[in-house]
Amino acid sequence: MSPLFTPSLHGQRHDFVVDFVRRNNPKKVVDLGCAECNLLQKLRFHSQIELLVGVDINGAKLRKKMHGLAPISTNYLQPTYDQLCVQLYQGSVTQKDARLRGFDLVTSIELIEHLPLDDLDRFSEVVFGYMAPQTVIISTPNSEFNRLFPGMSGFRHSDHKFEWTRVAFQSWSLNVCSEFGYEAEFTGVGQAPPGQEEGIGFCTQIGVFRRRGGLMLGDNAEDHFSYTLLYSVTYPSLRDQNILRKTLVSELLYWAEKMKNKWLDKLTEENPVEKDKPGGEEYGEIFWTNGHESQCHTLHRYVSVPLHLLWNCCPKLRELSGSLGNLSQLIIDDPQIQMNRSRSAVIICSLEHDLEDEDPNHLTDSGYAESSHVEEEN
Ligand code: SAM
């Protein structure tokens, strides 16, 4: 029986990376040998990461789960200012690709032991010499631990080309460091049973490599593009003006509708809004307005809700637009919004369904009159 780990060893390796990311806040991260993107799945929820890339030689593995990296409905319904682009490439870590240069963090979790030794040399040249990230995390089995797996002979997996002792891994790592200008620290996950840690070490050994000094990626660096982009998705962000505008508009329409309904409720109660009642001043500024300016509606079916009231009532509108002027500028051309001539109020239709039945020619799909301005009635 193999010793069991709780959480799973696989999970502990990924948690190690997630914890490192939390503490170090890298913006650009690439996971080499990402397989079915399990680590990427965890990392995409880390808000500091702006570019998250996975690379694997096996395209079928990447395709299997890649759509699970797409934004979820909350990302669209409640976008934030975070920016995230996720990309998956099919390619070999023995090949250079200029799109992977200059990252903050490269992870290689249980990958190197799958590489023939010649390829391992190319891996170090590509990762440390060419990609030259700030930090590299490499995990690989610790062969000294294997004796705790009862009845095990050979390697832990049939595709492993080698499994190293701690000394073997550390001496390879220190050679890489001196060749490419890095320094390394060693740790691991998967604790040995109490009392045996010293003699055996962790089940998975981990090296954390940090580049010494800065690096200038010259303009004349050779541009290799050997990887195939299989998947790319950009998450909605409020830094995108279109997303910001859409979010503002839906927030503004929600609040305008809400204020209009409260105002109508008060009217129905035949309880005139008084200034000394809570909210009375606000509601005094909402009023019926005529409909279509060119067709001269006589029925009062539109309600004017001043922008400054919306601005005062809704903190999110203030946060998103920054100023009343910005708010007005951002919504001005939106087809869902109808404003008065002075652009100081939003005009809301109050009897949408009745109007549609009676006079469909005057309404757009959204239920508002087609003209961009309507006359105010005082
Ligand atoms: N890193 C993943 C994780 O932690 O769940 C899984 C690692 S899996 C044991 C090794 C992965 O390395 C496989 O998905 C394999 O396709 C990939 N691989 C093997 N040789 C590769 C190469 N030369 N370039 C890129 N990926 C490679």
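A contact is a pair of heavy atoms within 4.5 Å. Among contacts in the chain between residues at least 6 apart in sequence, 72% join residues at least 24 apart. The model is predicted: local features need pLDDT of at least 70, side-chain atom pairs count only at pLDDT 80 or more, and totals for chains, interfaces and linings use all residues. Residues are numbered from 1 along each chain as its sequence is written, and side-chain values use heavy atoms, with hydrogens and water left out.

The chain holds 13 helices and 13 strands. These are DSSP runs numbered from the N terminus (helices: H or I, at least four residues; strands: E, at least two). Of the 378 residues, 46% are buried. Buried stands for under 20% relative accessible area, exposed for over 50%, and partly exposed for values in between (1.4 Å probe, protein chains only). The accessible surface of the chain is about 19300 Å², and carbon and sulfur atoms hold 49% of that surface. Areas follow the Shrake-Rupley method with a 1.4 Å probe; for residues, only the protein chains shown count as cover.

A nonpolar core is a set of buried Ala, Val, Leu, Ile, Met, Phe, Trp, Tyr and Cys residues joined through side-chain atoms within 4.5 Å. The largest such core has 37 residues, and L43, L52, L88, I137 and F145 have the most contacts inside it. At least two residues each come from α1 (9–24), α2 (38–43), β3 (85–90), β4 (105–109), β7 (204–211) and β8 (228–234). The largest share, six residues, is supplied by α1. A second, separate core has 34 residues, including C85, Y89, M131 and V176.

The ligand is surrounded by 16 residues (a heavy atom within 4 Å). The closest are H14, G33, D56, V93 and I109. Polar contacts are pairs of N or O atoms within 3.5 Å; within protein, one must be able to donate a hydrogen and the other to accept it, and residues adjacent in sequence count only if both atoms are side-chain atoms. A backbone N or O atom of G33 lies 2.8 Å from a ligand nitrogen. For V93, the corresponding distance is 3.0 Å. For I109, it is 2.8 Å. Taken alone, the ligand exposes 600 Å², of which the protein buries 85%.

The disulfide count is zero, with a cut-off of 2.5 Å between cysteine sulfur atoms. C37 is buried, at 0% relative accessible area. Its closest cysteine sulfur, in C34, is 4.5 Å away, too far for a bond. C313 is in no disulfide either; the nearest cysteine sulfur, that of C314, is 8.3 Å away.
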